[in-house]
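Subject: Structure handover

Hi there,

Here is the structure I promised to pass on.

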Amino acid sequence: MTSQEQIKEQQRVDSVIHQITAKIKSVSMEYAKAKTEMKLVQENYSANTSVNYIEVDDRIETSADLQQQRALASRLIENEQIIAGQLRTYQDLEKSPYFGRIDIQDPEEPTPEQLYIGTASFTDEKQNFLVYDWRAPISAVYYNGTLGDVTYDTPAGKQLTKLTKKRQFLIQHGQIQSMFDTNETVGDELLQHVLGQQNDETMQNIVATIQREQNDIIRDTRSDLLVVQGVAGSGKTSAILQRIAFLLYHSRQELQADQIVLFSPNKLFSHYISDVLPSLGERNMRQVTLAEFLSQRLLGLDVETLFDRYEKANQLTTTQEIYQRFKSSAAYMHQINDYCQRLTPDHFKFNHIYFEGRIFFDRAEIEKIYQSLPALQPAERFLRTKNILIKRLKRRIGQETKAKWVTDQIDQLSDEQYHDLLGTKRRRDFQALDDEADYIARKIVTRRLRVIYDAIYNNYFLDTYSQYADFMQQVTPPTGINQDDMSLDAKHFLNEIEYHRCPLVDAAPLLYLRDLLTGGGQNHAMQHLFVDEMQDYSIAQLQYLHHAFPKAHMTFLGDSEQALFKAVESPESLLKRLKAAFNVHRPRLLKLNRSYRSTAPITTFAKALLPDGDQIEAFSRPGDLPRMIMRYDTESGLEALAQEAARLRQTNGTVAILTKNLNQAHLIYQKLHHQSDDVTLMTDADLSLPKGTLVLPIYLAKGLEFDAVIGWDVSQTNFPDQRYTGTLYTIATRAMHQLVLMSIGQVSPLIASDKMPQTVLQIEHELTN
Ligand SMILES: Nc1ncnc2c1ncn2[C@@H]1O[C@H](COP(=O)(O)OP(=O)(O)OP(=O)(O)O)[C@@H](O)[C@H]1O
């Protein structure tokens, strides 16, 4: 490209930045004004809240006044937040106003038009677009089109235009660092540059370099079930986040960030991705891990986590494995549904409702209510039972108001307490003095019996656990286990419940049964459900999520090769199973085969670990060959590890030592942290990733990436057979720039196999088998 051309482009950059700076100035003034206004209201508000109440009437007036001020304050806060958001967007644009340019010529136009694309739109005073948002319909051409005739979607339908030029820019601090014209989606030069950089503490947005197949995921607004199977490092997580930003832009009026929920693999990951949406001027969606979601819904129980499962996964007997598979299947959930539909009223397991240690509503009474109702859907019948119980509770409250303890309590009330009970009522609202006393008595009894109301409201009168155990005893078992085995398992489940524990595999089925019988548990407001690392979810769990968010469009992303303890399944068969389980209309499967995270030598090694690794395409970024270091006892292995970690740290911001399990992570940490204060042991409770040397079990590193990775003890003892292929592959693919593997004793046959080309690994010692 001629330097003349670059000078011209730089002049445009300068001119746009000049206008952005002017805009920042005016918005800053607006912001300062909004802040002052806010402060005034706040001062006024706190002056009012310290008023002494003398008369009830005063209090009512003051509180109306306060309410008005509160509403005003929240409006001002909202306004202040909007302006602050705009300011942040302009400040980002000021450093790098855009990253792309397209020249397009519409059929009826004599000359092409030049459009510039950036992370947000920017218009001049006459509302001419100086920068187009990357999510605008026309911007799709930048990501999708090669030069020539192209079409793009608009609200009015498909539009045809001719793409005559596509130019990419790297602009930093207002200066064009490089620019290229390209016919590709996004040229490799820019991608090389971005991917070669050191890892940041949090993930970056990828809008400047989105690839065509990623763009398909981001801009899909049609599918109700979008399944993305992508190899490690192919940008699945990145695509989710840009997709959310796109959806928020696309449906600005109807969709709010808190109507989108993302299930993420762990809390570290939640933090890791938390900057992407704000960097695109959007609020973050809701984020939750499966463990958090299940324990919120099963309050009082200690629900086994995926991490507990990883730690135990290889201790399961064959029969236990059959249970696990069965309870993870759509067939099991289907049987729960059938069971609930067929359940006769005399098979309901009701609980007594207790009050202060004594039975308040007897289970027999509840049973009778339920049985007396017409044969409706279980949930409807349950709701009616609930309403009758609440009516009876109200009646009991009415009777109790006459009790002596109530009159005694009224006599002892202070003025303040009395007014408190009166609430917004005034003396003149009552016809007679008795009415007022009655009102107060009711309030007192209602407060005391509130726990009963809560118990009814929360369905505590159904013994869900016994009901689920009853289901297990009736279920048709799969081949390999019989009815007696299922009964034993039901006993085991109830025994766990005694200790307030719930096995992970039972959590979703249990909740499903509870929801079907009680009619609860569904959130109809959620419009999009995203599940990252879907290979770690069972179909039963996914089905429960679909039930819990019935209106939500689903986007599930995963890599079956990274399943840490599950057989690999082809994406097509997975989609088929999901389609059958979910009853969706517009399912779509997309695949991402190109891996961007790691250097080409690392990806080449990682793909050689897999039986069907050929489909993985390495991005052509050069780097060192992965190294294999062998030692023959743990002590010298740990020595070598310490040296290796220190060596890698000299050139890398983060070095992660990844282990198979928590015990091994502890062992390493014990040894290393005495030698260096740069070492951190990461646990499930950690929320952020520091720089330095990190030690963590692989399941906590899911979805994350590090400058350098040391895979600890990839020996035959630790990784004996193909059940560990997924684990090893996941370890190797966490590395961006450098990968070292260490083995104590003979190397795992997964690595030391005939299939592994000798050229993909640099070996420090000869392999012994
Ligand atoms: N189009 C792109 N432009 C720039 N960087 C990209 C692009 N696509 C992916 N990357 C980078 O590649 C790395 C891997 O992306 P991401 O974590 O989204 O992949 P993933 O498929 O979710 O990986 P995994 O399944 O292994 O966790 C990230 O650093 C991401 O920023």
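In which sense do strand 21 and strand 23 pair, and over how many bridges? The two strands pair in the parallel sense, over 6 bridges. Before the rest, two points about the source. Residues are numbered from 1 along each chain as its sequence is written. This is a predicted model, in which local features need pLDDT of at least 70 and side-chain atom pairs count only at pLDDT 80 or more, while totals for chains, interfaces and linings use all residues.

**Overall picture**

The secondary structure comes to 27 helices and 26 strands; helices (H or I, at least four residues) and strands (E, at least two) are DSSP runs, numbered from the N terminus. The C-alpha trace spans about 95 × 70 × 60 Å along its principal axes. Of the 769 residues, 37% count as buried. Here a residue is buried if 20 or more other C-beta atoms lie within 10 Å of its own, exposed if 12 or fewer, and partly exposed in between, with C-beta atoms placed from the backbone. Two residues are in contact if their C-beta atoms, placed from the backbone, lie within 7 Å. Among contacts between residues at least 6 apart in sequence, 72% join residues at least 24 apart.

Two strands pair if DSSP finds at least two bridges between them. Strand 22 is joined to strand 23 (residues 692–697) by 3 bridges, and L681 has V695 of strand 23 as its bridge partner.

T659 stands opposite P697 in strand 23. On the strand 24 side there are 4 bridges, again parallel, and V655 has A708 as its bridge partner.

**The core**

I657 turns up again in the largest nonpolar core, where I657, V695 and A732 touch the most other members out of 175 residues. Helix 21 (residues 504–518) gives the most to this core, with 10 residues. A nonpolar core is a set of buried Ala, Val, Leu, Ile, Met, Phe, Trp, Tyr and Cys residues joined through C-beta atoms within 7 Å. Leaving aside residues up to four places away in sequence, the contacts of I657 include L641, A645, V695 and W712.

Strand 8 (residues 225–230) is largely enclosed by the rest of the structure, because 6 of its 6 residues are buried. L225, V227 and Q229 lie on one side, and L226, V228 and G230 on the other. Strand 8 runs parallel to strand 16 (residues 553–558), joined by 5 bridges, with V227 opposite F556. Strand 8 also pairs in the parallel sense with strand 17 (residues 587–592), over 6 bridges, and there L225 stands opposite P587.

Around the ligand there are 23 residues, of which T209, A232, G235, K236 and T237 come nearest; a residue is near a molecule or strand if its C-beta atom, placed from the backbone, lies within 6 Å of it. Helix 4 (188–195) and helix 6 (236–250) are the elements that give two or more residues to this shell.

**Two backbone spots**

Most residues other than glycine have a negative phi. Q127, in the loop between strand 3 (122–123) and strand 4 (129–133), has a positive phi near 65°. H173, in the loop between strand 6 (157–172) and strand 7 (175–181), has a positive phi of about 45°.

Best wishes
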